[in-house]
Protein chains: 2
Amino acid sequence: MIVDVSKKILIVGLGLLGGSYARILKRFGFHVSTITKEQSSIDYAINEGIIDEGSTEIDKRIIGEADLVIFALYPHVFIEWIEKHQKLFKSGAIITDVTGVKRSVVYKIQDILRDDVEFIAAHPMAGREVSGVENSNDKMFQGANYIVTPTDKNTPDAINTCLELGRLLGFSNVTTLSPEEHDEMIGFLSQLTHCIAITLMTCNDKEDMEKFTGDSFRDLTRIARINDLMWSELFVANKDALLTQMDLFMNKFKELKLMLEAEDIDGMREMMRHSTRRRALFDKK
Amino acid sequence: MIVDVSKKILIVGLGLLGGSYARILKRFGFHVSTITKEQSSIDYAINEGIIDEGSTEIDKRIIGEADLVIFALYPHVFIEWIEKHQKLFKSGAIITDVTGVKRSVVYKIQDILRDDVEFIAAHPMAGREVSGVENSNDKMFQGANYIVTPTDKNTPDAINTCLELGRLLGFSNVTTLSPEEHDEMIGFLSQLTHCIAITLMTCNDKEDMEKFTGDSFRDLTRIARINDLMWSELFVANKDALLTQMDLFMNKFKELKLMLEAEDIDGMREMMRHSTRRRALFDKK
């Protein structure tokens, strides 16, 4: 479906991600509309030529005309939106999203959604320390992962449409995972790292430390500047998987601490060599 | 003393740091010699024109002629070297170092050292994932900290010489701390971050995680590629200070875990706002 540029795409929530989607999809020739909170975002996007039309209201015509609807909202806002307004979707429309957690969203939405509309979930793994459509750009997804998380309720057609969307957007790796695999992976690679960064940044408030900081500390705390509203919601939405990862981390950290207490040089060196070997796998290819 | 370029400087241990020192000091016109393990390092450095002479042996003439001796050795090797060979120093020579821990080295060396030779300790806070004189360069210290750690045994002259050395080498910030303040600071900013990175890298060996990794995880584990021989020694040499920092980190991490378990959104958001505010202090100026 997606390669047919006569289709209309609606983006709900025109921020950094939604704006970057709009920029790229408009360039391919799609009709792109938006429903978003701020009129200023719409004005900016029309002025930049990256959308055709937009509304801050629940515009029945815009929603009813869309063949593909992309939701870029906080998880609970997304679910509420579907509950309230799904009656306005065109029959046969495909719905997708950008939500950073999957199990708590995918099954719920698929459960409440009309039978003649299909929700295929996706997670574009891309973010910046900035936000807003004004910071969006069409190179944002180069080198990044796009993960589609289908369930038994999804059709091959919708899955393929979503995979194709990821490729059109310019993601370097477009793959599928189950919602469970996704949430475990994201719990480790993304959520645990944010937990570590904010802990490191708040565990020692001694003054003047910043005078002596080097690149290592800066690297480990870059993501300690964090959107508290979004991340607290994402943490709770993935609570069990994140707690499992936090336990794995804490147990290993305690092991290291015990080795240091015992001055077990051999044990520490073995852990460091393991770390060095494993880190090589994670280099940019 | 140091501005007098007729003085002779000896660097013991010609690796990444020692080589970078040699490169810069030779450019200022100092006579630079080295004593180091590998003949190939000496050959490379002479060929590059960054030292005047060097030996892999304990060369009595070279040592006896040096006005300033810079030690770039592992802590225990440094202490052994002083014990064995300090009789060869010229009377009035100044000794300094690059060791990353201070209390366990400074007091010991000052305790055993001859009365007519002065040890003023310093820590150039600069490192790379590469090593060896072949990777040294004369821009290495731009933006970095150089910390002199004087004790009651040091003279104002030697302290000033060491501070001036830091400025000549091109460090952006040249300051003094007590050995105790230094070790607390380094325990938090450098050693704790390395503990965290190697723990994160080894706490979950699930396969294929690297396929989905993004910049956050890469940033937090860049330093997980680690010289196990050096860092295990540095950890043990700063054991009490590092254990204190590990406890601070672990207690705060547990707090976050308890808040997540209780779904205490307000508590997590307050921690994230604290983190965001405090991170701003650590931005590059």
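Tyr146(B) is buried, at a relative accessible area of 0%; buried stands for under 20% relative accessible area, exposed for over 50%, and partly exposed for what falls in between (1.4 Å probe, protein chains only). Phe171(B), at 6% relative accessibility, also counts as buried. The model you are looking at is predicted: local features need pLDDT of at least 70, side-chain atom pairs count only at pLDDT 80 or more, and totals for chains, interfaces and linings use all residues. Residues are numbered from 1 along each chain as its sequence is written, chains are lettered from A and ligands numbered from 1 in the order in which they are written, and side-chain values use heavy atoms, with hydrogens and water left out.

**Confidence**

- Chain A has a mean pLDDT of 95, and 99% of its residues reach 70 or more; pLDDT is the predictor's confidence in each residue, on a scale from 0 to 100.
- For the model, ipTM is 0.92 and pTM is 0.92.

**Aromatic pairs**

- Over all chains, the structure holds 27 aromatic pairs. Rings of Phe, Tyr and Trp (its six-membered ring) pair if their centres lie within 6.5 Å, and the planes count as stacked under 30 degrees apart, edge-to-face over 60 and tilted for the rest.
- One of these is the edge-to-face pair of Tyr21(A) and Phe141(A), with 5.6 Å from centre to centre and 90 degrees between the planes.
- This pair links distant parts of the chain, 120 residues apart: Tyr21(A) belongs to helix α1 (residues 16-27) of chain A, and Phe141(A) to the loop between β7 (122-125) and β8 (145-148) of chain A. Helices (H or I, at least four residues) and strands (E, at least two) are DSSP runs, numbered from the N terminus.
- Tyr21(A) and Phe141(A) are both buried.
- Back in chain B, the ring centres of Tyr146(B) and Phe171(B) are 5.0 Å apart with the planes at 45 degrees, so this pair is tilted.
- Tyr146(B) sits in strand β8 (residues 145-148) of chain B and Phe171(B) in the loop between α6 (156-168) and β9 (173-176) of chain B, so the pair ties together parts 25 residues apart in sequence.
- In chain A, ring pairs join Phe71(A), Phe78(A), Trp81(A), Phe89(A) and Phe119(A) into a cluster.

**Charges over rings**

- The charged end of Arg27(A) sits over the ring of Phe28(A), 5.9 Å from the ring centre; this label needs NZ of Lys or CZ of Arg within 6 Å of the ring centre and within 35 degrees of the ring normal.
- In chain B, Arg27(B) lies over the face of Phe28(B), at 5.8 Å from the ring centre.

**Where the chains meet**

- 80 residues of chain B are in contact with 80 residues of chain A, where contact means heavy atoms within 4.5 Å.
- Between them, chain B and chain A bury about 8900 Å², 68% of it on carbon and sulfur atoms; buried area is the accessible area (1.4 Å probe) that two parts lose on being put together, summed over both.
- Helix α9 (residues 228-237) of chain A is mostly covered, with seven of its ten residues buried. Among them are Asp228(A), Trp231(A) and Phe235(A).
- The buried residues of α9(A) pack against α4 (75-85), α7 (179-202) and α10 (239-261) of chain A, together with α10 (239-261) and α11 (265-281) of chain B.

**Salt bridges**

- Side chains of opposite charge can pair when their charged atoms come close.
- The count is 53 salt bridges over all chains, each being a side-chain nitrogen of Lys or Arg within 4 Å of a carboxyl oxygen of Asp or Glu.
- Between chain B and chain A the count is 16 salt bridges, including the one where Arg269(A) meets Asp228(B) (2.6 Å, N to O).
- Lys206(B) and Glu184(A) also meet in a salt bridge (3.6 Å, N to O). The pair crosses between chains, from the loop between α7 (179-202) and α8 (215-221) of chain B, which holds Lys206(B), to helix α7 of chain A, which holds Glu184(A).
- Lys206(B) is partly exposed at a relative accessible area of 37%, and Glu184(A) is partly exposed at 30%.
- Within chain A, Glu270(A) and Arg277(A) form a salt bridge (3.5 Å, N to O); Glu270(A) is partly exposed at 37%, while Arg277(A) is exposed at 51%.
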